[in-house]
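Subject: Model handover

Dear colleague,

Here is the structure you are taking over. My notes on it follow below.

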Amino acid sequence: MSKSNKSKGFTLVELLIAMAITGIISAAIFTAFQSQQKSYFIQDQVAEMQQNIRAAKYIMVRDIRMAGYDPYGNPGAGITAAANNTLTFTLVADNDSYDNDGDNVTDESGELTTITYSLYGDDIGKKTGAGNNQPVAENIEEIEFFYTLSDGTNATAPANPIDIRSVQITILARAAKPEDPKFSNTKIYLPPSGANWGPYNDGFRRRFLSTTVKCRNMGLYDRHE
């Protein structure tokens, strides 16, 4: 009775082919994973940037719309200083449960509060009363206030802030990090004043937002005297 000398198993060639196929599949999976991960980080940053700029818009619109609100007749209530990247105004909270000026004390009815919005470093800063700037939005490249006056004309720095009737707020935000090394931002952003923002020629993605706020309390009283 003869015994077979053949052994069961794989030859060296078969093992090399299997290893090569496994390597190709693993490389494809890793490349797809890297691509998906990069896409996730980019979309996450874009979403964070969008949320950041929209939250800033909401807060600023809410306050600027109330500029000059003063049912108590305090002298000097209204917009007190206006430039292309800073805006200062007063209002009355008219709510004794609201800390309007940031002094950790709830305001009394009739308390007139000064609020200033400006570009503060890389943030939009809000200063209330005699307090310090508090960030409203981070990673802000540019901000512009563009004013429409009582005679219908526009200005970036009106001589008489009491003539302002609406404010167009324009914000340019950027992502926190340049995640995509293949991306280059060469876009030019155009605020209503006609200035050119960019091109920045870098890897940061940006979002441009513009909205107009009607100052419904401006012009209700004669503030010239």
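Strand S2 (residues 86–92) is mostly covered, with six of its seven residues buried; buried means under 20% relative accessible area, exposed over 50% and partly exposed in between, with a 1.4 Å probe and protein chains only. Strands (E, at least two residues) and helices (H or I, at least four) are DSSP runs, numbered from the N terminus. This is a predicted model, in which local features need pLDDT of at least 70 and side-chain atom pairs count only at pLDDT 80 or more, while totals for chains, interfaces and linings use all residues. Residues are numbered from 1 along each chain as its sequence is written, and side-chain values use heavy atoms, with hydrogens and water left out.

The chain has one helix and nine strands, in the order α-β-β-β-β-β-β-β-β-β from the N terminus on. Of its 225 residues, 33% are buried.

First sheet

S2 has a partner on either side in an open sheet of five strands, ordered S1-S2-S3-S4-S5 with antiparallel pairing. Two strands count as paired if DSSP finds at least two bridges between them. The edge strands are S1 and strand S5 (134–137), each pairing on one side only. From one strand to the next the twist averages 25°, taken between axes that are lines fitted to C-alpha atoms (for helices over the stretch in contact), with angles from 0 to 180 degrees between N-to-C directions.

Strand S1 (residues 79–82) is joined to S2 by three antiparallel bridges, and the two form a hairpin with three residues between them. Ala82 stands opposite Leu87 in S2. Towards strand S3 (residues 112–120), S2 has seven bridges, again antiparallel; here Val92 faces Leu112 in S3. Further along the sheet, strand S4 (residues 123–128) pairs with S5 over three bridges in the antiparallel sense, and Gly125 has Pro135 in S5 as its bridge partner.

Four strands make another open sheet, ordered S7-S6-S8-S9 and paired antiparallel. Strand S7 (154–155) and S9 are at its edges with a single partner strand each, so one side of each is left without a neighbour in the sheet. Nine bridges link S6 to S8 in antiparallel fashion, and Glu142 stands opposite Leu172 in S8.

Core

The largest nonpolar core has 32 residues, and Ile64, Ile124 and Phe145 have the most contacts inside it. Such a core is a set of buried Ala, Val, Leu, Ile, Met, Phe, Trp, Tyr and Cys residues joined through side-chain atoms within 4.5 Å. Helix H1 (12–65), S1, S2, S3, S5, strand S6 (140–149), strand S8 (164–174) and strand S9 (206–214) each supply at least two of its residues. H1 gives the most, with six.

Cavity

There is one cavity of 30 Å³ or more, and the largest cavity has a volume of about 50 Å³. A cavity is a set of points on a 1 Å grid over the protein atoms alone where a 1.4 Å probe fits but cannot get out, and lining residues have an atom within 4 Å of a point. Grid points are joined across faces, edges and corners, and the volume is the space filled by probe spheres set on the points.

The lining of the largest cavity consists of Ile42, Gln45, Val46, Ala175, Lys177, Glu179, Asp180, Gly203 and Arg205. These divide into three nonpolar, two polar and four charged residues; Ala, Val, Leu, Ile, Met, Phe, Trp, Tyr, Cys and Pro count as nonpolar, Asp, Glu, Lys and Arg as charged, and the others, Gly among them, as polar.

Regards

Methods. On a 1 Å grid over the protein atoms alone, a cavity is a set of points where a 1.4 Å probe fits but cannot get out, and a pocket is an open set with protein on both sides within 12 Å along at least five of seven lines; lining residues have an atom within 4 Å of a point.
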